[in-house]
Amino acid sequence: MSMEIPGSTGMGDLKGKIPDDVAGQFRRPGAKNLKSQYPRSSKEPLGGYLHLARMIDKARAREAGVNGDYIYPCPLDKACLSFLDVSEQDFSYAAKSRTDELILEWLAVHGRPRSKKQIELWNRQMLARGPDDDAKWAYFRKTRDAIDPSRDDIVTWIDLLDLEEGREVARRTVTP
């Protein structure tokens, strides 16, 4: 398909590209291949929200069929979706068809409005979230000890994910 328009003064570097190429440059995000790379850390804020950037990476990867062993929505994703008050399906569609910035705009319209204080409290709770029963603690310890048995200071899911993915996790002298 040609983009030649009579009387046009040109389209710069977009001239001669088909509409799908042009649209992709403006708004279509690429999915990270989670079979060969990690999603962003849950500690990386996006629009003030922790875990949101990671959830976007996982939702995009699932939609593109490159999620590997990563699960969307995992329990942390479900907690985030509940706080945002959006459905898994709606978020997944938004993630595959919008950039991070456009997802934030979409959430402002489709999610539940939250104050800065509510977001800060939720972020603190998310960072402190750990296993909540004996079976989950057993799984948590087994996973953590397989990675680094000396890290008994790691007691939250987000720290465990970062440790598992090779990110630096500060040592705690007192466990939460």
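This is a predicted model: local features need pLDDT of at least 70, side-chain atom pairs count only at pLDDT 80 or more; totals for chains, interfaces and linings use all residues.
Two packed helices are described by the angle between their axes and the distance between the axes. Here, helix 2 and helix 4 pack at an angle of about 85 degrees, and their axes lie 8 Å apart. An angle from 65 to 115 degrees counts as roughly perpendicular, and helix 2 and helix 4 are therefore roughly perpendicular to each other. Sorted by class, the contact of helix 2 with helix 4 has six nonpolar, one polar and five charged residues. On the helix 2 side you will find Leu52, Met55, Ile56, Ala59, Arg60, Arg62 and Glu63, and these meet Glu88, Phe91, Ser92, Ala95 and Lys96 in helix 4. An α-helix has 3.6 residues a turn, so residues three or four places apart point the same way.

Let us step back to the whole chain. The protein has eight helices and zero strands, so from the N terminus on its elements run α-α-α-α-α-α-α-α. Of its 176 residues, 39% are buried. Take the contacts between residues at least 6 apart in sequence: 53% of them join residues at least 24 apart.

Now turn to helix 3, which spans residues 75-84 and is mostly covered, with seven of its ten residues buried. Which residues in helix 3 are buried? They are Leu76, Asp77, Ala79, Cys80, Leu81, Phe83 and Leu84. What covers these buried residues includes helix 2 (52-64) and helix 4 (88-97), the pair we began with, along with helix 5 (100-110), helix 6 (116-128) and helix 8 (157-164).

Most residues other than glycine have a negative phi, and most peptide bonds are trans. A cis peptide bond joins Tyr72 to Pro73, with omega at about 0 degrees. Just after helix 3 comes Asp85, with a positive phi of about 65 degrees. Asp85 belongs to the loop between helix 3 and helix 4. With a relative accessible area of 42%, Asp85 is partly exposed.

His51 is not a glycine, yet its phi is positive, at about 75 degrees. It is found in the loop between helix 1 (19-26) and helix 2. Is His51 buried or exposed? His51 is buried, with a relative accessible area of 1%.

Val66 is placed in the loop between helix 2 and helix 3. The C-alpha atoms of Val66 and Leu34 are separated by 5.8 Å, while the two residues are 32 residues apart along the chain. Leaving aside its neighbours within four places in sequence, Val66 is in contact with Ala31, Lys32, Asn33, Leu34, Lys35 and Ala61.

Arg129, in turn, lies in the loop between helix 6 and helix 7. It is partly exposed, with a relative accessible area of 36%. Its C-alpha atom is separated by 7.7 Å from that of Ile158, a residue 29 residues apart from Arg129 along the chain. Which residues does Arg129 contact, leaving aside its neighbours within four places in sequence? They are Pro75, Leu76, Ala79, Thr156 and Trp157.

Finally, have a look at the largest pocket, which has a volume of about 700 Å³. The lining of this pocket is made of 22 residues, and those that lie nearest its centre are Cys74, Pro75, Tyr139, Trp157 and Leu161. Helix 2, helix 3, helix 7 (134-147) and helix 8 each supply at least two residues of the lining. Where does the largest share of the lining come from? It comes from helix 8, with four residues. By class, the lining of the largest pocket divides into eleven nonpolar, three polar and eight charged residues.

Notes:
Residues are numbered from 1 along each chain as its sequence is written. Side-chain values use heavy atoms; hydrogens and water are left out. Buried means under 20% relative accessible area, exposed over 50%, partly exposed in between (1.4 Å probe, protein chains only). Contact means heavy atoms within 4.5 Å. Axes are lines fitted to C-alpha atoms, for helices over the stretch in contact, and angles run from 0 to 180 degrees between N-to-C directions. Angles under 35 degrees count as roughly parallel, over 145 as roughly antiparallel, 65 to 115 as roughly perpendicular and the rest as oblique. Ala, Val, Leu, Ile, Met, Phe, Trp, Tyr, Cys and Pro count as nonpolar, Asp, Glu, Lys and Arg as charged, and the others, Gly among them, as polar. On a 1 Å grid over the protein atoms alone, a cavity is a set of points where a 1.4 Å probe fits but cannot get out, and a pocket is an open set with protein on both sides within 12 Å along at least five of seven lines; lining residues have an atom within 4 Å of a point. Grid points are joined across faces, edges and corners, and a volume is the space filled by probe spheres set on the points.
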